[in-house]
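Please have the sequence and the three-dimensional view at hand.

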Amino acid sequence: RDGHIPDLVGTKDGVRHLGDAKIEIEGDDNLESQFTTFSSRQMKNGTPIPFHIAVPKNLKDDMKQKLKNIGLEKKLENGRITIWS
(Lines give C-alpha, C1' and ligand atoms only; values in the text may rest on other atoms or scores of the structure.)
Protein backbone atom coordinates (compact mmCIF):
# COMPACT_ATOMS: atom_id res chain seq x y z
CA ARG A 1 0.00 0.00 0.00
CA ASP A 2 2.96 2.26 -0.67
CA GLY A 3 3.63 2.73 3.04
CA HIS A 4 0.06 3.80 3.86
CA ILE A 5 -2.19 1.90 6.24
CA PRO A 6 -5.96 2.24 5.78
CA ASP A 7 -8.26 2.60 8.79
CA LEU A 8 -10.51 -0.16 7.45
CA VAL A 9 -9.76 -3.40 5.62
CA GLY A 10 -12.58 -5.86 5.04
CA THR A 11 -14.12 -8.32 2.64
CA LYS A 12 -17.73 -8.54 1.49
CA ASP A 13 -19.00 -11.11 -1.01
CA GLY A 14 -15.42 -11.97 -1.93
CA VAL A 15 -14.45 -8.36 -2.67
CA ARG A 16 -11.88 -6.63 -0.49
CA HIS A 17 -12.67 -3.07 0.68
CA LEU A 18 -10.39 -0.33 2.05
CA GLY A 19 -11.46 2.70 4.05
CA ASP A 20 -10.12 5.78 5.73
CA ALA A 21 -11.72 8.13 8.25
CA LYS A 22 -10.97 11.85 8.27
CA ILE A 23 -12.09 14.48 10.74
CA GLU A 24 -10.12 17.20 8.93
CA ILE A 25 -9.24 17.70 5.30
CA GLU A 26 -6.95 20.71 5.33
CA GLY A 27 -3.47 20.29 6.73
CA ASP A 28 -3.30 16.55 6.05
CA ASP A 29 -0.12 16.26 3.99
CA ASN A 30 -0.68 12.55 3.29
CA LEU A 31 -4.29 12.76 2.10
CA GLU A 32 -3.58 13.02 -1.62
CA SER A 33 -1.02 10.24 -1.59
CA GLN A 34 -3.18 7.98 0.60
CA PHE A 35 -6.34 8.45 -1.44
CA THR A 36 -4.56 7.99 -4.76
CA THR A 37 -2.93 4.80 -3.49
CA PHE A 38 -6.02 3.31 -1.83
CA SER A 39 -8.34 4.09 -4.75
CA SER A 40 -5.94 2.49 -7.25
CA ARG A 41 -5.62 -0.91 -5.57
CA GLN A 42 -6.81 -4.10 -7.26
CA MET A 43 -7.30 -7.65 -6.06
CA LYS A 44 -5.09 -10.37 -7.53
CA ASN A 45 -7.76 -11.15 -10.12
CA GLY A 46 -7.78 -7.52 -11.32
CA THR A 47 -11.04 -6.55 -9.58
CA PRO A 48 -10.84 -2.94 -8.34
CA ILE A 49 -10.87 -2.64 -4.56
CA PRO A 50 -13.59 -0.19 -3.45
CA PHE A 51 -12.35 2.67 -1.29
CA HIS A 52 -14.57 4.19 1.41
CA ILE A 53 -14.01 7.58 3.04
CA ALA A 54 -15.78 8.48 6.29
CA VAL A 55 -16.07 12.16 7.18
CA PRO A 56 -18.29 14.29 9.41
CA LYS A 57 -21.47 15.40 7.62
CA ASN A 58 -20.28 19.01 7.43
CA LEU A 59 -17.17 17.95 5.44
CA LYS A 60 -18.85 15.80 2.79
CA ASP A 61 -19.00 18.57 0.15
CA ASP A 62 -15.45 19.66 0.97
CA MET A 63 -14.26 16.08 0.53
CA LYS A 64 -15.96 15.87 -2.87
CA GLN A 65 -14.15 19.05 -3.89
CA LYS A 66 -10.84 17.73 -2.55
CA LEU A 67 -11.23 14.53 -4.60
CA LYS A 68 -11.94 16.66 -7.67
CA ASN A 69 -8.85 18.79 -6.97
CA ILE A 70 -6.57 15.75 -6.78
CA GLY A 71 -8.00 14.12 -9.90
CA LEU A 72 -10.13 11.40 -8.32
CA GLU A 73 -13.56 12.75 -9.28
CA LYS A 74 -14.17 10.02 -11.90
CA LYS A 75 -13.57 7.30 -9.30
CA LEU A 76 -16.17 8.95 -7.07
CA GLU A 77 -18.64 9.17 -9.95
CA ASN A 78 -18.17 5.54 -11.01
CA GLY A 79 -18.50 4.20 -7.45
CA ARG A 80 -14.91 3.12 -6.91
CA ILE A 81 -14.79 5.73 -4.10
CA THR A 82 -17.69 6.18 -1.67
CA ILE A 83 -17.96 9.01 0.85
CA TRP A 84 -19.85 8.23 4.07
CA SER A 85 -20.94 10.89 6.53
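A residue counts as buried under 20% relative accessible area, as exposed over 50%, and as partly exposed in between (1.4 Å probe, protein chains only). This is a predicted model, in which local features need pLDDT of at least 70 and side-chain atom pairs count only at pLDDT 80 or more, while totals for chains, interfaces and linings use all residues. Residues are numbered from 1 along each chain as its sequence is written, and side-chain values use heavy atoms, with hydrogens and water left out.

**Leu31**
- Leu31 counts as buried because its relative accessibility is 0%.
- Helix α1 contains Leu31; helices (H or I, at least four residues) and strands (E, at least two) are DSSP runs, numbered from the N terminus.
- Beyond its neighbours within four places in sequence, Leu31 is in contact (heavy atoms within 4.5 Å) with Lys22, Ile25, Met63, Lys66 and Ile70.
- Leu31 and Lys66 are 35 residues apart along the chain, and 9.4 Å separates their C-alpha atoms.

**Nonpolar core**
- A nonpolar core is a set of buried Ala, Val, Leu, Ile, Met, Phe, Trp, Tyr and Cys residues joined through side-chain atoms within 4.5 Å.
- The largest such core has 17 residues, and Phe35, Phe51, Ile53, Met63 and Leu67 have the most contacts inside it.
- At least two residues of this core come from each of α1 (31-38), β3 (51-54), α2 (60-69) and β4 (81-84).
- Helix α1 gives the largest share, 3 residues.

**His17**
- His17 lies in strand β2 (residues 15-21).
- With a relative accessible area of 18%, His17 is buried.
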